[in-house]
Amino acid sequence: MSIRSERKEEHLKLAQMFFNKQKYNSFDQLHLLRPALPETKVDTQILGVEMFKKRVSAPFFINAMTGGSQESKVVNKALGHVAAKEKIALALGSASILAKEEDQLDSFYVARNEDPDGVLIININPETPVEATNKIIHELNADALQIHLNTVQEIAMPEGDRNFFWLDHIKALRDQIDLPIIIKEVGFGLDEATIHTLKNAGIEYFDIAGSGGTNFAQIENARNSRDVSYLEDLGLSTVVSALIAKKEDVNFIVSGGVRNPLDVLKGLVLGGQYVGISNVFLQEYNQNGVAGLKQFISAWKNELAALIAIYGQNSLASLPQIKKYYDLPLKNQIDQLL
């Protein structure tokens with residue numbers, strides 16, 4: 001097993017070790033005002049939405065996790081199967097490994113093989129060569145491309161990159177890739193300056209991936225011979241990052257610490273077009289297998305539809321109209337940053 005593949009499998013194990021489905025985050029400091037007389041009914045049909053020119057059954061999806069090792073091949077096959085059955089989108093983990101290890105393609109392709117017609121998003125680092133990226137897109141018949149920004153993780157990673165001059169290469173990818181491109185953080189949140197710069201560079205989609213869920217500084221610290229735990233609190237919260245993206249008037253995905261259907265609803269109320277979930281779905285699969293994850297996602301759809309009804313709404317488009325308020329610590333952050 002290569003060093004890259006070994007790291008992929010270590011990440012899976014550590015994500016499971018540090019998983020805490022009750023972890024407190026900024027969603028807990030955001031509250032929605034519910035009418036006692038909603039005048040609505042529960043209707044799962046209203047959850048259907050278009051995503052990158054394809055129809056999906058819900059505005060939430062399985063966000064980027066893994067790929068590039070034998071263990072991740074098994075996981076991606078399962079995720080692809082569930083995505084197909086539940087008709088939701090799937091984003092694969094970083095495929096940049098394929099630029100140097102083409103033999104790992106099958107660990108990603110199994111997902112597309114399981115879901116040949118669904119929305120499949122591939123993920124690369126910002127230094128992946130354009131030629132290799134185009135090849136990955138072709139091989140996986142991708143519908144969109146995520147480019148992840150992970151400076152904090154790289155610094156915490158013992159073998160991580162130390163050169164973060166990425167903008168010119170992102171522009172080159174934008175100019176030469178004929179797919180929607182999503183700029184994605186990895187759990188530390190997108191800030192206003194970054195969104196503004198990349199918006200001006202022609203990027204149309206952003207996955208804010210704020211703090212509150214999987215903490216890759218924590219994961220990399222567990223792999224490190226020295227203590228870099230001080231990096232674990234550098235993240236910008238999901239709610240604040242979403243409000244920043246809303247202010248910048250860009251298309252954005254809310255992810256980072258989404259634990260339940262109420263968090264999904266809050267992400268949509270904040271203005272997210274879609275909501276991404278990673279570790280919660282991964283650990284459900286680890287505990288209860290493919291059938292358990294499928295049932296879990298199906299239940300989330302029913303519960304999200306029920307929440308939309310009790311909050312007095314009849315469509316996804318109307319959700320940002322729901323009144324919201326914040327606990328004072330979060331309100332203080334918002335007042336200082338926006």
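## Residue A58

A58 is found in the loop that runs between β3 (54-56) and β4 (60-62); helices (H or I, at least four residues) and strands (E, at least two) are DSSP runs, numbered from the N terminus. The model is predicted: local features need pLDDT of at least 70, side-chain atom pairs count only at pLDDT 80 or more, and totals for chains, interfaces and linings use all residues. Residues are numbered from 1 along each chain as its sequence is written, and side-chain values use heavy atoms, with hydrogens and water left out.

With a relative accessible area of 1%, A58 is buried (buried means under 20% relative accessible area, exposed over 50%, partly exposed in between, with a 1.4 Å probe and protein chains only). Its contacts (heavy atoms within 4.5 Å), leaving aside neighbours within four places in sequence, are L47, G48, V49, K87, I88 and K301. Between the C-alpha atoms of A58 and I46, twelve residues apart along the chain, the separation is 8.5 Å.

## Residue S96

S96 is placed in the loop between β5 (90-94) and α3 (106-114). This residue is buried, its relative accessible area being 11%. The side chains of S96 and T128 are joined by a polar contact of 2.8 Å (a pair of N or O atoms within 3.5 Å; within protein, one must be able to donate a hydrogen and the other to accept it, and residues adjacent in sequence count only if both atoms are side-chain atoms). Apart from neighbours within four places in sequence, S96 is in contact with N123, I124, N125 and T128.

In helix α6 (residues 167-176), the buried residues are I170, L173 and R174. They cover an arc of only 100° around the axis and therefore lie on the same side of α6; the arc is that of the directions from the helix axis to the C-beta atoms. D168 and D175 are exposed on the other side of α6. The cover over the buried residues of α6 includes β6 (120-124), α4 (130-140), β7 (144-149), β8 (181-185) and α7 (192-200).

Helix α9 (residues 238-247) is mostly covered, with eight of its ten residues buried: T238, V239, V240, S241, A242, L243, I244 and A245. These buried residues pack against β1 (30-32), α7, β10 (251-255), β12 (324-326) and α12 (328-337). Just after α9, D249 takes a positive phi of about 60°.

## Second largest pocket

The second largest pocket holds about 280 Å³ of space. On a 1 Å grid over the protein atoms alone, a cavity is a set of points where a 1.4 Å probe fits but cannot get out, and a pocket is an open set with protein on both sides within 12 Å along at least five of seven lines; lining residues have an atom within 4 Å of a point. Of the 17 residues lining the second largest pocket, L149, W166, D191, T194 and L198 are the closest to its centre. Two or more lining residues come from each of α5 (151-156), α6 and α7, and α7 supplies the largest share, four residues.

## Positive phi values

K53 is found in the loop between β2 (49-51) and β3. Its phi is near 70°, a positive value in a residue other than glycine, and at 81% relative accessibility K53 counts as exposed.

A209 lies in the loop between β9 (205-207) and α8 (216-221). Although not a glycine, A209 has a positive phi of about 40°; this residue is buried, with a relative accessible area of 3%.

How values were computed. Points joined across faces, edges and corners; volume = space filled by probe spheres on them.
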